[in-house]
Amino acid sequence: VGTLTSVDVTGAVTAGSLVAPLAFNAQTGTTYTFVLADAGKMVTFANASAQTVTVPPNSSVAFDVGTQIILQGILAGVVTLVAGAGVTINSKDAALAIDGQWAAVTLIKTATNVWSLIGALA
């Protein structure tokens, strides 16, 4: 009998077969660019001033298609997403700002350099 020290999961994961707590990344500055470690996390933005969040191109940060990132503004500063070079962010009415304090959105990568932004947008 040995000790399992790591596991790599490949392929599809059946719904309900994997449960883990949501990890957080708390940001307090006025600018932020997503990093690979943000995949599957909730990134919170706490600043009274406006905050700009950049979605980087696949050539800089190669998120897997299907990656989801939850974003929430927890102070009064408006959080606005911007697309990095060659990136497309699709959202209702082309809105790219989180709609106020405590509102949240989800960013989902749907293809190389293409993301969908859904949720409480302004």
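Student: What is the volume of the largest cavity?

Tutor: In this predicted model, the largest cavity has a volume of about 30 Å³.

Student: What makes it a cavity and not a pocket?

Tutor: A cavity is a set of points where a 1.4 Å probe fits but cannot get out, whereas a pocket is an open set. The count by this rule is one cavity of 30 Å³ or more.

Student: Which residues line the largest cavity?

Tutor: The lining consists of Q27, G29, T30, T31, Y32, F45, Q51, T52 and V53. Strand 2 (31-33) and strand 4 (51-55) are the elements that give two or more residues to it. Strand 4 gives the most, with three residues.

Student: How is the lining of the largest cavity divided by class?

Tutor: Six residues are polar, three are nonpolar and none is charged.

Student: Why is Q27 called buried?

Tutor: Q27 has a relative accessible area of 18%. Buried means under 20%, so Q27 qualifies as buried.

Student: Where is Q27 found, and which way does its side chain point?

Tutor: Q27 is found in strand 1.

Student: What makes the link between Q27 and N25 a polar contact?

Tutor: Their side chains are joined at 2.7 Å. The cut-off for a pair of N or O atoms is within 3.5 Å, so the distance meets it.

Student: Which residues does Q27 touch, leaving out those up to four places away in sequence?

Tutor: Q27 touches Y32, V43, T44, F45 and A46.

Student: How do you know that strand 1 and strand 3 pair?

Tutor: Four bridges join strand 1 to strand 3 (residues 42-45). Pairing needs at least two bridges, so these strands pair. They run parallel, and F24 stands opposite M42 in strand 3.

Student: How many helices and strands does the protein have?

Tutor: The protein has zero helices and nine strands. Of its 122 residues, 34% count as buried.

Note on methods: Residues are numbered from 1 along each chain as its sequence is written. This is a predicted model: local features need pLDDT of at least 70, side-chain atom pairs count only at pLDDT 80 or more; totals for chains, interfaces and linings use all residues. Side-chain values use heavy atoms; hydrogens and water are left out. On a 1 Å grid over the protein atoms alone, a cavity is a set of points where a 1.4 Å probe fits but cannot get out, and a pocket is an open set with protein on both sides within 12 Å along at least five of seven lines; lining residues have an atom within 4 Å of a point. Grid points are joined across faces, edges and corners, and a volume is the space filled by probe spheres set on the points. Ala, Val, Leu, Ile, Met, Phe, Trp, Tyr, Cys and Pro count as nonpolar, Asp, Glu, Lys and Arg as charged, and the others, Gly among them, as polar. Buried means under 20% relative accessible area, exposed over 50%, partly exposed in between (1.4 Å probe, protein chains only). A polar contact is a pair of N or O atoms within 3.5 Å; within protein, one must be able to donate a hydrogen and the other to accept it, and residues adjacent in sequence count only if both atoms are side-chain atoms. Contact means heavy atoms within 4.5 Å.
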